[in-house]
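Visitor: I am new to this structure and would like a close look at a single part. Please start there and then show me what surrounds it.

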Amino acid sequence: MIRRKQKIIKVGNSAAVIIPSFLLKEGGLKIGDEVIIEARPKYQAFLLKKGGRKNKINLSPEFFNWLEKIEKKYKKTIQELALK
């Protein structure tokens, strides 16, 4: 995992975060790519992933049920990791 502290900046009536070029390269992204941003408010986190059909994953409801059980079981640990 690569981490880098960035500041949220104002762009017009919106906000933006500058993504350093080495992180774009590491994530397989380039200028002009479409991305999907998922908010994870519970963990004060966002997930940024490349958009488009080829990356679409169809996950079953059973997977999300399993994920929810794991999330409840390890909630404190996940929150502590998110803060590091």
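Visitor: Where is the place of E71?

Guide: E71 has its place in helix α2. Keep in mind that this is a predicted model. Helix α2 covers residues 61-73.

E71 has a relative accessible area of 19%. The limit for buried is under 20%, so E71 counts as buried.

Now look at the neighbours of E71. Leaving aside residues up to four places away in sequence, E71 touches K42, Y43 and I78. Two of these contacts can be described further. With Y43, the side chain of E71 makes a polar contact of 2.9 Å. With K42, E71 forms a salt bridge, and the closest N and O atoms are 2.4 Å apart. K42 sits in the loop between β3 and β4, while E71 sits in helix α2, so this pair ties together parts that are 29 residues apart in sequence. The two partners differ in cover. K42 is partly exposed, at 49% relative accessibility, whereas E71 is buried, at 19%.

Stay in helix α2 for a moment. Another salt bridge is found there, between K72 and E68. Its closest N and O atoms are 3.6 Å apart. Both K72 and E68 belong to helix α2, and they are 4 residues apart, about one turn of the helix. K72 is exposed, with 61% relative accessibility. E68 is partly exposed, with a relative accessible area of 42%.

Strand β3 spans residues 35-40, and strand β4 spans residues 45-50. These strands run antiparallel, joined by 6 bridges. They form a hairpin with 4 residues between the strands. In this hairpin, Q44 takes a positive phi near 50 degrees.

E38 pairs with K49, with the closest N and O atoms 2.9 Å apart. E38 is in strand β3 and K49 is in strand β4, so the pair, 11 residues apart, links distant parts of the chain. E38 is partly exposed, at a relative accessible area of 22%. K49 is partly exposed too, at 36%.

Now turn to nonpolar residues on these strands. I37 lies in strand β3, and L48 in β4 stands opposite I37. I37 has a relative accessible area of 58%; the limit for exposed is over 50%, so I37 counts as exposed. I37 and L48 also belong to a nonpolar surface patch, together with I19, V35 and F46. The patch has an area of about 490 Å². Strands β3 and β4 are the elements that give two or more residues to this patch.

L24 lies in helix α1, which covers residues 21-26. L24 touches I19, L29 and I31, again leaving aside residues up to four places away in sequence. L24 is buried, with 17% relative accessibility. L24 and K73 are 49 residues apart in sequence. Their C-alpha atoms are 33 Å apart in space.

There is another hairpin to find. It is formed by β1 and β2, with 2 residues between them. Strand β1 covers residues 8-11, and strand β2 covers residues 14-17. The two run antiparallel, and 4 bridges join them. I8 stands opposite V17 in β2. In the turn, G12 has a positive phi of about 65 degrees.

Finally, count the salt bridges. The structure holds 6 of them. Among the residues involved are K30, D33 and K50, which are linked in a network of salt bridges. Then come back to where you began. E71 is buried in this model, with K42 as its salt-bridge partner and Y43 as its partner in a polar contact.

Technical notes
Residues are numbered from 1 along each chain as its sequence is written. This is a predicted model: local features need pLDDT of at least 70, side-chain atom pairs count only at pLDDT 80 or more; totals for chains, interfaces and linings use all residues. Side-chain values use heavy atoms; hydrogens and water are left out. Two strands pair if DSSP finds at least two bridges between them. Patches are made of residues with over 30% relative accessible area and no salt bridge: like charges are joined within 9 Å, nonpolar side chains (Val, Leu, Ile, Met, Phe, Trp, Tyr) within 5 Å. Accessible areas come from the Shrake-Rupley method with a 1.4 Å probe; for residues, only the protein chains shown count as cover. A salt bridge is a side-chain nitrogen of Lys or Arg within 4 Å of a carboxyl oxygen of Asp or Glu. Buried means under 20% relative accessible area, exposed over 50%, partly exposed in between (1.4 Å probe, protein chains only). Contact means heavy atoms within 4.5 Å. A polar contact is a pair of N or O atoms within 3.5 Å; within protein, one must be able to donate a hydrogen and the other to accept it, and residues adjacent in sequence count only if both atoms are side-chain atoms.
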